Amino acid sequence: MGAKWITGFCALCAAAMLPATVQAELTAAEQAIDTTVEAQYGYHVALLEKLTNQNSGTRNIEGNRAVMAMLRPEFERLGFRVEIVDQSEVGRAGHFFAIREGNGQGRKMLLIAHTDTVFEADSNFQTFVRNGDTATGPGIGDDKGGIIIILAALRAMQVAGTLEGADIVVAITGDEEDAGDPISISRADLVRWGQWADVALDFEGLSVQDGRDMGVVARRSSNSWELRTTGRSGHSSGIFSENAGDGAIFELARIIARFREELPEPNLTFNVGLISGGARVELHETGLHTAASGKTNIIPAMALARGDFRTLSEEQSERVRNRMRAIVADHLPRTEASITFDEGSYPPMAPTEGNRALLAELNAINRDLGLAEQPELDPLKRGAGDVSFVAKYVDALAGMGTAGSGAHSERETVHLPSIKRQAKRAAILMSRLAQQTSD
């Protein structure tokens, strides 16, 4: 043997031995969790395939209900009471709640995921395809992989005996990708359980940066806005005159340019996603496209723009809204403008000390499992999600789901072994939280 090979071999031996040494910090029950997750891996990959092959685009009401029907016996076997909350009033499939009442002594936990995907029934992307340790499929990571991790973690807790006595509610929404309107109805039950809970764990995809699993203690808001401007129509030869003014499109351009110049601040992003103007503009009821008409020699009477902005706190959201309103109100000659904000916006999940304390607990588990610690993710790298609706009531962590890539595209991929490490992390974290005194 050459010295180089011996050195490499010894390094591999040391690496292989490290988890066994570190895992001495795990209790007997936690070691049982580790063993159970490994043993049941094949079952959970097969269940992931089954869920993924059932189309459940947000507008596919029956598809989402079919996924919920598949999940019901899985949770009932774990001793959960299942309730399906009807959401036909807002045109959605409904929400799946699995409730397990414990002894009321430990921290009450709300686990959050969703059945719906961005791939509707007419999508070309419909099938789970496995290639070794990876698999592709519609919603495989966002968020059917997250549902699988919840089930794998709870099954391991049941075998280890740590599920007994734990107070846990699993909230699986059927419209996370396109929430029913109004939000006051479509998120009422989620908020109610958030007010009940002490801790919320969000099982959307794991954030990985430079090869490292990251901890998500914050998610930014998602706020939609619509801007409409009007001007005096007339022959273009008179534009900018005292009588004709600047027209609707120049007023719209002024506002958007000032947004770009005056709004930027840390943790804020804003975007214009749709713009239209002319003699006449009609916005389709979906809000996704317009019909506009006009001539090059007519001053435009109407213009509109639609966009979003994302913030890290409610205070920042309100500050941005007020600044946008002030910019809109400063009209060009002979023009008017108004801006409205969608009440269906997703609030922020601010980075609180309670959230950071949860991440510290998760990192203690990482050390005990022989896994690398998870640094705190920059919130600019994470979008909005359902956990944000309950974040002001609880300590919360997001990104507890599978590792993968290509979400919302036909390249959506999951690294299947991530099911194991995420399920172990979640199960041990929940087992320890169940032993802590509820606030």
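Where does Asp143 lie?

Reply: Asp143 lies in helix H5, which covers residues 140–160. A helix here is a DSSP run of H or I with at least four residues, a strand is a run of E with at least two, and both are numbered from the N terminus. Before going on, note that this is a predicted model, in which local features need pLDDT of at least 70, side-chain atom pairs count only at pLDDT 80 or more, and totals for chains, interfaces and linings use all residues. Residues are numbered from 1 along each chain as its sequence is written, and side-chain values use heavy atoms, with hydrogens and water left out.

Now look at the backbone at Asp143. The peptide bond from Asp142 to Asp143 is cis, with omega near 15°. Another cis bond joins Asp181 and Pro182, where omega is about 10°. Pro182 is in the loop between strand E6 (168–173) and helix H6 (183–186).

Two residues show another backbone feature. Asp210 is not a glycine, yet its phi is positive, about 55°. Asp210 sits in the loop between strand E8 (208–209) and strand E9 (212–213). It counts as exposed, at 75% relative accessibility. Exposed means over 50% relative accessible area, buried means under 20%, and partly exposed lies in between, using a 1.4 Å probe and protein chains only. Arg334 also has a positive phi, near 60°, and is a residue other than glycine. Its place is the loop between helix H9 (314–329) and strand E15 (335–341). Arg334 is partly exposed, with a relative accessible area of 40%.

Next comes Ser207, in the loop between strand E7 (199–202) and E8. Ser207 is buried, with a relative accessible area of 11%. Its side chain makes a polar contact of 2.7 Å with the side chain of Arg382. A polar contact is a pair of N or O atoms within 3.5 Å; within protein, one must be able to donate a hydrogen and the other to accept it, and residues adjacent in sequence count only if both atoms are side-chain atoms. Setting aside neighbours within four places in sequence, Ser207 is in contact (heavy atoms within 4.5 Å) with residues including Asp213, Val216 and Leu377.

Helix H7 (residues 188–196) has buried residues too: Asp189, Leu190, Val191, Trp193 and Gly194. Their cover includes strand E1 (81–85), strand E2 (95–100), strand E3 (109–114) and E6.

Strands also form a sheet elsewhere. Four of them make an open sheet in the order E4-E5-E18-E17, with antiparallel pairing. Strand E4 (129–131) and strand E17 (404–405) stand at the edges, each with a single partner strand, so one side of each lacks a neighbour in the sheet. Strands pair if DSSP finds at least two bridges between them. Two bridges join E17 to strand E18 (residues 413–415), and these run antiparallel. Gly404 has Val414 of E18 as its bridge partner. In general, strands of a sheet pair through backbone hydrogen bonds, either parallel or antiparallel.
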